[in-house]
Amino acid sequence: MKLNEIRDNEGAHKKRMRVGRGPGSGKGKTSGRGVKGQKSRTGVSLLGFEGGQMPLYMRMPKRGFNNPGALKLAEVNLWRLQDAVDAKKLDIKKEITGEALVAAGVLRRVKDGVRVLGTGELKAKLNLVVWSASTGAVKAIEAAGGTVVQQRIAAEEKAKARVEKRNAAKGKAPAAKAPKGDANKVSARARRQAADKAGK
């Protein structure tokens, strides 16, 4: 066999249909698009079009917001960690990271990070390094003598420092901290109670 004799298997490659090349091309005249009308043109999108009536996707109520940049976190509860410790799948003497949880079979995959939730009871002393943890989970882990390193906090501080550095380079003043509460804002209930007292 020579290099110029190498061929693909029969039927491995199919020639592209050349449309709009006249009646003799096999797809002549209308090029397989039928006759006239909107759909015979290119760049037409009739998906969801209902003849001018308000389409269903526009009639449905819109609620909430889906953040396309949100992190997808693998969640694990305290009881699941305790079960893994009892089964001797986790080594409590070492730092427990997302990879260690996957190796122990506690999680299937790490995704963008691990978040620890506070459901269940934890007795073992664990040193966790995770993306984030709920307040209840942190309290339970520290009560058992363990520690939690939240990578989210370090990442947020790093991002904040980066923004401040960029603003300083541009000569911008640091953003003022928003007040926790408006001292001049009085609730309707408080105004009503004040009016009742004044009336008496």
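Glu50 counts as partly exposed, because its relative accessibility is 31%; partly exposed lies between buried (under 20% relative accessible area) and exposed (over 50%), with a 1.4 Å probe and protein chains only. Glu50 forms a salt bridge with Arg59, and the closest N and O atoms are 3.3 Å apart. This is a predicted model, in which local features need pLDDT of at least 70, side-chain atom pairs count only at pLDDT 80 or more, and totals for chains, interfaces and linings use all residues. Residues are numbered from 1 along each chain as its sequence is written, and side-chain values use heavy atoms, with hydrogens and water left out.

**Salt bridges**

- A search of the whole structure finds two salt bridges. The term means a side-chain nitrogen of Lys or Arg within 4 Å of a carboxyl oxygen of Asp or Glu.
- In the pair of Glu50 and Arg59, Arg59 is partly exposed, at 42% relative accessibility.
- Arg152 and Glu156 also form a salt bridge, and their closest N and O atoms are 3.3 Å apart.
- Glu156 and Arg152 are four residues apart in helix 5, so about one helical turn separates them.
- Arg152 is partly exposed at 27% relative accessibility. Glu156 is partly exposed too, at 43%.

**Helix 5 and what follows**

- Helices (H or I, at least four residues) and strands (E, at least two) are DSSP runs, numbered from the N terminus.
- Helix 5 covers residues 151-170, and its 20 residues should span 28 Å at 1.5 Å a residue. The expected span is 1.5 Å times one less than the number of residues.
- Lys172 sits in the loop between helix 5 and helix 6 (188-199).

**Helix 6**

- The 12 residues of helix 6 should span 16 Å at 1.5 Å a residue, and the end C-alpha atoms agree, being 16 Å apart.
- How many residues of helix 6 are buried? The count is zero among its 12 residues, so helix 6 is hardly covered.

**Surface patches**

- Patches are made of residues with over 30% relative accessible area and no salt bridge; like charges are joined within 9 Å, and nonpolar side chains (Val, Leu, Ile, Met, Phe, Trp, Tyr) within 5 Å.
- Accessible areas come from the Shrake-Rupley method with a 1.4 Å probe; for residues, only the protein chains shown count as cover.
- Lys158, Arg162, Arg166, Lys170 and Lys172 gather in a patch of positive charge on the surface.
- For charges, Lys and Arg count as positive and Asp and Glu as negative, while His and the chain ends are not counted. The place of a charge is NZ of Lys, CZ of Arg, CG of Asp or CD of Glu.
- Met1, Leu3 and Ile6 make a nonpolar surface patch of about 440 Å².
- Leu3 lies in the segment before helix 1. Leu3 is exposed, with a relative accessible area of 75%.

- Most residues other than glycine have a negative phi.
- Lys36 has a positive phi, near 45°. Lys36 lies in the segment before helix 1 (56-59) and is exposed, with a relative accessible area of 72%.
- Lys111 has a positive phi as well, near 60°. Its place is the loop between helix 3 (98-103) and strand 2 (114-117).

**Distances along and across the chain**

- Leu81 belongs to helix 2 (residues 78-86). Is Leu81 buried or exposed? Leu81 is buried, with a relative accessible area of 0%.
- Leu81 and Ser45 are 36 residues apart along the chain, and their C-alpha atoms are separated by 51 Å.
- Glu121 lies in the loop between strand 2 and strand 3 (127-130). Glu121 is exposed, at 56% relative accessible area.
- Glu121 and Asp83 are 38 residues apart along the chain, and their C-alpha atoms are separated by 10.0 Å.
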